[in-house]
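Please look over the sequence and the 3D structure shown here before reading on. The briefing takes up the domains, then their interface, then the sheet.

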Amino acid sequence: MEQLHALVADGTTYMGTSHRQATVRNKVGEVREGLHALFGLPDGYEVLLGNGGTTCFWDAATFHLISSHSQHLSFGEFSSKFAAAVKAAPHLGDPQIIASDVGTHPFAIADDAVDLYAFTHNETSTGVMMEIQRPVGAKGLVAVDATSGAAGLMVDPTQFDCYYFAPQKSFASDGGLWLALCSPAAIERIEALATSDRWTPAFFDLKIALDNSRLNQTYNTPALATIHLLASQIKWFNDNGGIAFSSGRSRQSAEILYTWAEASDFATPFVTNPAFRSNVVGTIDFREDVDANRIATILRANGVVDTDPYRKLGRNQLRIAMFPSIDPEDVASLLACVNYVVGHL
Ligand SMILES: *Cc1c(COP(=O)(O)O)cnc(C)c1O
């Protein structure tokens, strides 16, 4: 709400400006510097951005981040999609795909043939989070899809080379943009592949994105409101203690959710290993005789929206967002509503 008000307050001087003008470039600069501070990026790391969201970044990565062989941890809808994009790319070798059952995550296996390890910080479809750690002995780059995890989960930047996300989840902004925190090794890879003879469409060219980002610009016109909303959220995080603050809010929400589910006689956390249970997206299974769909429908009719599960998972489940902007007290209120609805079914 405050983010929207800040946008309205700046609206007449900000919206409608060319993205090559100072007002917008300063905002992009604020985003880039704000992310540097939020994640405590070491010297030499750079913040890149471009249009098209995370799904576009996967395609860009197939051109300018993977040399030939990648290894993917596949444990849900999103992590499997990147692996599929790589598999389909004719200029890359067959990726190694390590899969595990939904509700768990697999572990990487260091292999000298692998030049990029693809992790997912939070698998949004199943509510599983994983700790980001370089595989012991690995020489390849570590690239992390943090679309739903960034800012809601703690991360050590020395453990990744490319941590990419989009602003519509933990940053409470809008979609259509990708952001990537890149280590010097990732930048070196981008520069090397850009001068190789691999044909690359300009929209997926990470060297073009790198050059534009350094000027606080994007290759083509971005959605200005998205950037403004994102800058406000980053500032709010940084003004209140940084990532310890933002991830702390999600952790608090998660404690409330899982404590409730474990004590409940009709609900249980879908993810059985407590270490894998996500702090940003909670998945809760319901007893067979309690119809989760019906609960979601009743909640929606009463203005409590978007508790639906990921459909392809096909479970009697609710999925609860616990992004940093969500007040942990609101999670507690939601659970009181669920208790009330189930009590009156
Ligand atoms: C939402 C999501 C995506 C897709 O993001 P887009 O910006 O819509 O392309 C990818 N990965 C994860 C983990 C997500 O949660």
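The centres of domain 1 and domain 2, taken over C-alpha atoms, are separated by 27 Å. The assignment, which is of automatic or database origin, places domain 1 at 2-239 and domain 2 at 243-344. This is a predicted model, in which local features need pLDDT of at least 70 and side-chain atom pairs count only at pLDDT 80 or more, while totals for chains, interfaces and linings use all residues. Residues are numbered from 1 along each chain as its sequence is written, and side-chain values use heavy atoms, with hydrogens and water left out.

**Interface**
- About 2200 Å² is buried between domain 1 and domain 2, 66% of it on carbon and sulfur atoms, where buried area is the accessible area (1.4 Å probe) that two parts lose on being put together, summed over both.
- One salt bridge is found across this interface, the term meaning a side-chain nitrogen of Lys or Arg within 4 Å of a carboxyl oxygen of Asp or Glu.
- The side chains of Lys312 and Glu77 meet in a salt bridge, at 3.0 Å from N to O.

- Strand 4 (residues 116-120) and strand 7 (residues 141-145) run parallel and are joined by five bridges, and Thr120 stands opposite Asp145 in strand 7.

Key: Pairing = 2+ DSSP bridges. Helix = DSSP H or I, 4+ residues; strand = E, 2+ residues; numbered from the N terminus.
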